[in-house]
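Here is a short briefing on selected local features. Look over the sequence and the structure first, then read on.

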Amino acid sequence: MREISRRDLGKALGAACAAGTLGGPTAAAAALNTTSLTFPPDFLWGCATAAYQIEGAVKEDGRGPTNWDVFSHTPGKVFGGHNGDVADDSYHRYAEDTQLLKNLGVKTYRMSLAWSRIFPEGRGKPNPKGIDHYNRVIDNLLENGITPYVTMFHWDLPAALPGGWQNRDTAYAFADYAGYTAGKISDRVKNIMTVNELRCFTDLSHKQGQHAPGLKLPDAEVNQVRHHGVLAHGLGVQSIRAHAKAGTQVGIADNTTFYIPVMETPEHVAAAKKATREMNAMFLTAIMEGRYIDEYLTQEGANAPKVKAGDMAAIASPLDFLALNIYAPEWVRADSSPKGYATIPHLPSSPHMASPWLIVGPEVAYWGVRQVSELWKPKVLYISENGASADDPVVNGRIDDADRVMYLRNYVSQFHRAVTEGYPLKGYFLWSLMDNFEWADGYSKRFGIHYVDFETQKRIPKLSAAWYKEVIARNAVV
Ligand code: PNW
């Protein structure tokens with residue numbers, strides 16, 4: 001990959017000095033700090049949200065109930081008995097939220113659509129009011145110069161679908177919904193993602209039981225749910241292509257588990273890449289390679305998923321882009337076991353943000369992009385989510401979330417390294433535009449760069465919003 005040449009560096013230094021903004025002890029050092037962390041001019045900065053987490057209005061305009069309505073209304077499932085009935089009330093306040101985006105200066109917004117607004121029963125008769133609503137949101141974004149990137153499924157599954165993701169038919173229902181909807185919006189929406197985070201709506205929901213529907217199934221059944229997840233994605237890609245306008249870019253937003261090499265030496269770097277490929281065998285590796293690799297099949301034995309003819313080809317439908325949600329890292333070292341690597345457990349002393357799972361390891365941003373690029377050579381990569389929960393005290397109306405800024409600055413710097421080395425990373429969506437319903441944590445964990453007072457629905461920009469605005473304006477880490 002491309003190294004920065006002395007000439008590039010010299011040019012950058014010259015430009016920074018000519019800009020005349022440099023003071024302090026050594027102008028050259030300051031120039032390095034600013035100019036070396038500048039992004040390419042066409043880099044896309046954006047923010048992300050998801051339907052159930054922000055919309056509210058769960059009974060409005062014919063929306064059908066979802067697994068998350070059921071789950072959040074089941075006592076003991078979500079922190080404090082919270083639910084998404086009102087959330088950020090974005091269903092009614094979307095125009096105000098567009099202005100938050102506009103004020104930041106972002107060019108793009110990643111949003112998801114609620115399947116059950118469009119097909120209240122998951123399949124069958126569409127509800128025109130659902131499409132009408134999203135048309136208004138999309139038009140409002142475009143009128144304000146913001147390009148929508150749309151995710152078709154971000155976990156809010158229509159409750160009427162029998163058996164949910166345990167039923168293979170759900171994959172076909174998803175494809176029908178995604179194709180129909182793409183046909184309605186692709187005159188204006190040019191970038192579509194099928195599903196968000198396979199591992200969360202399969203494993204976290206059916207193995208660990210922490211997310212809707214809250215099941216702890218045996219391995220064979222978990223593997224089958226995973227298979228239905230990747231199948232839904234693949235059939236969705238085909239159906240979107242069949243119905244959307246030519247040129248629509250189709251991808252997926254996946255939270256691949258990434259392994260950081262403990263040292264940047266060839267043996268550890270190779271071990272980490274191998275770990276990433278094998279530990280994601282049931283998800284991204286299957287999608288990118290069109291088969292379940294031997295390591296996975298051997299490990300699962302009789303519990304391996306039941307696959308029908310044609311499934312793997314559908315799962316591996318070519319993508320126009322790959323999008324990654326990158327948060328917490330894993331660490332790995334090379335060793336002499338048959339696998340050739342050993343994963344390293346997180347410790348009580350491993351630093352984390354407000355969510356205990358959100359271990360801080362900025363290098364995962366660089367290694368994630370690099371490993372995916374080396375393993376599967378996607379044409380275009382985006383970061384579909386990156387962000388952090390923080391405690392966010394409101395003091396005299398200000399939210400000085402310097403810890404979130406610390407987190408973001410470090411991760412964005414590592415994405416910059418990946419861009420500089422020539423990997424095809426074209427954009428970044430910060431999670432999240434504003435505080436919202438954080439799934440099983442309810443409203444107790446805040447990921448927004450805008451604070452939301454859930455009593456009044458007032459949105460207040462945090463320090464991190466000011467930071468991000470500055471990053472965007474300068475197109476550089478600040
Ligand atoms: C992602 N984990 O979820 C989702 O795509 C968002 O909807 C969510 O709000 C955001 O990240 C912050 O959590 C995750 O336990 C939830 O490792 C849990 C985990 C990872 C991602």
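Is Thr456 buried, partly exposed or exposed? This is a predicted model. Thr456 has a relative accessible area of 49%. A residue counts as exposed only over 50%, and as buried under 20%. Thr456 is therefore partly exposed.

**Thr456 and its loop**
- Thr456 sits in the loop that links strand E12 (450-453) to strand E13 (458-461).
- Its side chain reaches the backbone nitrogen of Lys458 at 3.2 Å.
- Thr456 and Asp88 are 368 residues apart in sequence. In space, their C-alpha atoms are 9.8 Å apart.

**His450 in strand E12**
- His450 belongs to strand E12.
- The relative accessibility of His450 is 2%. Buried means under 20%, so His450 counts as buried.
- A polar atom of the His450 side chain lies 2.8 Å from the backbone oxygen of Leu433.
- Neighbours within four places in sequence are left aside in the contact list of His450. That list includes Leu100, Leu104, Leu433, Met434 and Asp435.
- Ile460, Pro461, Lys462 and Ala465 are also among the contacts of His450.

**The ligand site**
- How many residues surround the ligand? There are 13.
- The closest are Gln53, His154, Glu385, Glu438 and Trp439.
- Gln53 places a polar side-chain atom 2.7 Å from an oxygen atom of the ligand.
- For Glu385, a polar side-chain atom lies 2.8 Å from a ligand oxygen atom.
- Trp439 has a side-chain N or O atom 2.8 Å from an oxygen atom of the ligand.
- On its own, the ligand has 450 Å² of accessible area, and the protein covers 87% of that.

**A three-stranded sheet**
- Three strands form an open sheet in the order E6-E8-E9. The pairing is mixed.
- Why is one side of E6 and of E9 left without a neighbour in the sheet? Strand E6 (259-261) and strand E9 (341-344) stand at the edges, and each has a single partner strand.
- Neighbouring strands of this sheet are turned against each other by 40 degrees on average, direction ignored.
- Strand E8 (residues 330-334) pairs with E9 in the antiparallel sense. Four bridges join the two strands.
- Trp331 has Ile344, in E9, as its bridge partner.

Terms used:
Residues numbered from 1 in each chain as written. Predicted model: local features only at pLDDT ≥ 70, side-chain atom pairs only at ≥ 80, totals over all residues. Heavy atoms only, no water. Buried < 20%, exposed > 50% of the residue type's maximum accessible area, 1.4 Å probe, protein only. Polar contact = N/O pair within 3.5 Å; in protein donor to acceptor, adjacent residues only side chain to side chain. Pairing = 2+ DSSP bridges. Axes fitted to C-alpha atoms, helices over the stretch in contact; angles between N-to-C directions. Contact = heavy atoms within 4.5 Å. Near = heavy atom within 4 Å. Areas by Shrake-Rupley, 256 points an atom, 1.4 Å probe, with all protein chains shown as cover.
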